[in-house]
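Dear colleague,

Please find below the structure that I am handing over to you. My notes on it follow directly after.

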Amino acid sequence: MLEIKNLQVNYGPINALKEVTMTIEKNKINAIIGVNGAGKSTLLNTISGLVDPDQGEISYKGRQIQNIPVEKRVKLGIGHVMEGRRLFKDQSVHDNLLIGFYFRNPKEKRRNALLKINEIYKQFPILGNKQNQMAGTLSGGQQQILIISAALLSEPDLLLLDEPSLGLAPIIIDEVYQLLEELKSKGMTIIISEQMAALALRISDVGYILERGQVVKKGDRSYLKSLLDSDGLSSVYLGKAKV
Amino acid sequence: MIDFQFMLELIFMGICVGSVYSLIAHGFNITFWTTKVVNFAHGPFLMFCSMLILMFLSIGFPWIVAILLEMFSISIIGVILERVSVRPLVKSPTSMGWIVATLGVGLFLQALATKIWGAQALAFPAFIFESTDYVPILGISMSLQYLLVLGTGLGIMLIMELVMKKTIWGKAMKAVSFDPDLASVMGIKSKSVVTISFILSALLAGVAGLLIAPIYGNVAPDFGMNIMVLGFVAAVLGGMGSSKGALIGGMTLGVIEKLVGGYISTSAEHGVAFAILILILAIKPEGLFGIKAVQKV
Ligand SMILES: Nc1ncnc2c1ncn2[C@@H]1O[C@H](COP(=O)(O)OP(=O)(O)O)[C@@H](O)[C@H]1O
Ligand SMILES: [Mg+2]
């Protein structure tokens with residue numbers, strides 16, 4: 001699905017990613033785990049195209065994409081839910097969804113906008129009830145649902161989520177995670193970044209531990225869980241919460 | 001005892017002059033929406049457009065061809081301005097470099113105009129209406145040329161409001177200005193939207209150059225800079241980025257100027273504009289209709 005080879009990203013003198021190589025398999029939830037500043041956002045931003053790599057290759061569905069602009073990658077099926085619950089807060093819930101739908105779909109699909117948005121309202125009635133409110137007035141959890149919904153309107157094959165649980169109440173996190181599992185069951189491939197391994201490993205099939213821009217550990221869920229349990233790995237990265 | 005006829009005359013005059021300022025303020029708005037940059041080359045754009053029309057007319061082209069050529073040329077200049085002096089700078093939004101950069105392009109155009117057409121004012125012919133065409137309204141004779149500018153300003157405001165509020169393109173423009181990265185992730189070609197906004201704004205300078213020059217009767221290289229300053233005050237007064245604000249801000253400024261001119265002294269007319277600018281910036285920096293910037297994060 002996605003092959004990352006020797007990816008390197010520098011911000012001036014800062015090496016945010018150093019020779020990152022990974023293979024993301026289709027229809028799996030992949031966790032990128034690391035502390036603040038480890039390079040998780042940089043990795044996801046480079047995959048979606050917001051950041052240009054200094055070196056390395058990214059191939060998606062067998063096609064080199066590192067030189068394709070963001071808005072084209074989106075049309076190829078890469079959805080990105082950025083860190084920090086970014087929304088057009090000065091526009092209505094409905095307009096956020098409309099923008100989310102319109103520009104990422106080919107012309108012939110655009111007439112279905114209202115149909116598709118109504119499906120979202122059916123699935124998340126709270127968004128329907130608040131469709132005319134400014135997106136900025138929603139609660140954190142509602143905003144996160146709105147952002148993910150907007151991302152889903154382009155029917156991505158690969159969905160990137162950057163710390164979607166940050167600042168959300170546990171019950172809302174459960175809701176978001178449940179949604180991700182549903183999406184996986186429908187065939188989507190997901191990459192999710194989290195600071196807390198315990199959290200991410202609840203739903204992910206595969207995990208990568210990122211430390212100062214390098215992948216230091218990787219493996220399937222049971223392997224990473226065993227690392228957690230044996231306490232062999234610094235608990236700083238993983239937290240001690242029960243998985 | 002107040003002479004109402006005189007006051008009404010001043011107010012009408014003010015509205016007419018104000019419509020010129022509004023037209024310029026609309027031009028500021030379009031690029032402000034997408035980049036949060038105030039394009040200080042807008043006035044010189046306007047002047048350059050007037051000069052280009054003059055040049056094409058003098059070559060012997062008919063009006064319509066001269067106008068089309070002028071609009072085409074200024075669109076290209078608009079694109080160049082965006083590439084050269086705005087795009088490299090909006091990446092670091094905290095920097096104020098765009099002020100110098102856009103003003104620099106403006107001064108360059110002014111110098112270029114001086115080089116090509118000389119520093120003295122050139123006569124500009126009447127367009128559509130003669131400068132002596134008047135209609136009586138409430139016993140006051142109104143210049144048709146001014147009314148044309150007024151109508152155009154109003155029409156542009158209506159179109160802008162409609163486009164911004166009702167169309168997906170307006171929403172996209174707002175989206176790009178609010179968060180260009182998020183806009184790209186949503187599939188919007190942020191860069192193209194910005195470029196298009198500079199073309200639209202340049203075209204508006206083209207319209208303004210065409211309609212305003214006949215009112216003044218002549219154009220000199222510094223003509224654009226001078227009225228741009230007043231257009232800027234109008235935009236700030238109405239609220240930068242607001243179409244309604246551009247219209248009302250322009251009119252208000254025009255009327256205040258004329259009232260000051262009529263009752264105090266004509267030499268104080270433009271001075272009062274700067275007093276208004278300072279006052280607005282001190283007490284209500286978002287202007288009459290501007291919304292306080294929404295916090296992004
Ligand atoms: N735009 C930027 N400019 C300069 N340095 C940056 C920028 N974005 C991130 N960094 C640096 O790159 C490193 C990785 O950051 P980031 O990818 O945001 O990590 P994470 O998402 O894991 O917290 C950090 O040292 C951070 O300070
Ligand atoms: Mg991050």
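A residue is called buried when its relative accessible area is under 20%, exposed when that value is over 50%, and partly exposed in between. By that rule B:K36, with a relative accessible area of 42%, is partly exposed. Please bear in mind throughout that this is a predicted model.

**Backbone in two loops of chain B**

Most residues other than glycine have a negative phi. B:K36 has a positive phi of about 60°, although it is not a glycine. This lysine sits in the loop that runs between α1 (4–35) and α2 (42–59) of chain B. B:I128 also has a positive phi, here about 65°, and is likewise not a glycine. The loop that holds B:I128 lies between β1 (122–123) and β2 (134–137) of chain B. With a relative accessible area of 58%, B:I128 is over the 50% cut-off and therefore counts as exposed.

**The magnesium site in chain A**

Which residues coordinate the magnesium ion (ligand 2)? The donors are A:S41, through OG, and A:E83, through OE, at 2.0 to 2.5 Å. A:S41 belongs to helix α1 (residues 40–48) of chain A, while A:E83 is in the loop between β6 (78–81) and α3 (93–102) of chain A, so the pair ties together parts that are 42 residues apart in sequence. A:S41 has a relative accessibility of 19% and so counts as buried. A:E83, in contrast, is partly exposed, at 32%.

**Salt bridges**

Side chains of opposite charge can pair when their charged atoms come close. Over all chains, the structure holds 15 salt bridges. I describe some of these below.

In chain A, the side chains of A:K116 and A:E155 form a salt bridge with an N to O distance of 3.5 Å. This pair links distant parts of the chain: A:K116 is in helix α4 (residues 113–123) and A:E155 in the loop between α6 (140–152) and β7 (158–162), 39 residues apart.

A:K184 is partly exposed, with a relative accessible area of 24%.

In chain B, the side chains of B:K258 and B:E269 meet in a salt bridge at 3.4 Å, N to O. Because B:K258 is in helix α10 (residues 243–263) and B:E269 in helix α11 (residues 269–283) of chain B, the pair ties together parts that are eleven residues apart in sequence. Are these two residues buried or exposed? Both B:K258 and B:E269 are buried.

Residues of both chains meet in one further case: A:R86, B:D179 and B:D181 are linked in a network of salt bridges.

**Cysteines**

How many disulfides are there over all chains? The count comes to zero.

An unreviewed UniProt entry places the feature "transmembrane region" at several spans of chain B, including residues 6–25, 37–57 and 63–84. In the model, residues 6–25 of chain B are 100% helix and 0% strand, and the end C-alpha atoms of that span lie 28 Å apart. Residues 63–84 of chain B are also 100% helix and 0% strand, with end C-alpha atoms 31 Å apart.

A nonpolar surface patch of about 460 Å² is made by B:I59, B:F61, B:I64, B:V65 and B:L68. Helix α3 (residues 63–90) of chain B gives the largest share of this patch, three residues. B:V65 is placed in helix α3 of chain B and is partly exposed, at 31% relative accessible area.

With kind regards

Conventions: Residues are numbered from 1 along each chain as its sequence is written. Chains are lettered from A and ligands numbered from 1 in the order in which they are written. This is a predicted model: local features need pLDDT of at least 70, side-chain atom pairs count only at pLDDT 80 or more; totals for chains, interfaces and linings use all residues. Side-chain values use heavy atoms; hydrogens and water are left out. A disulfide is a pair of cysteine sulfur atoms within 2.5 Å. A salt bridge is a side-chain nitrogen of Lys or Arg within 4 Å of a carboxyl oxygen of Asp or Glu. Helices (H or I, at least four residues) and strands (E, at least two) are DSSP runs, numbered from the N terminus. Buried means under 20% relative accessible area, exposed over 50%, partly exposed in between (1.4 Å probe, protein chains only). UniProt positions are given in the numbering used here, feature names are shortened, and annotations may be inferred rather than shown by experiment. Donors are N, O and S atoms within 2.8 Å of the metal (3.2 Å for Na, K and Ca); water is not among the atoms, so sites may look incomplete. Patches are made of residues with over 30% relative accessible area and no salt bridge: like charges are joined within 9 Å, nonpolar side chains (Val, Leu, Ile, Met, Phe, Trp, Tyr) within 5 Å. Accessible areas come from the Shrake-Rupley method with a 1.4 Å probe; for residues, only the protein chains shown count as cover.
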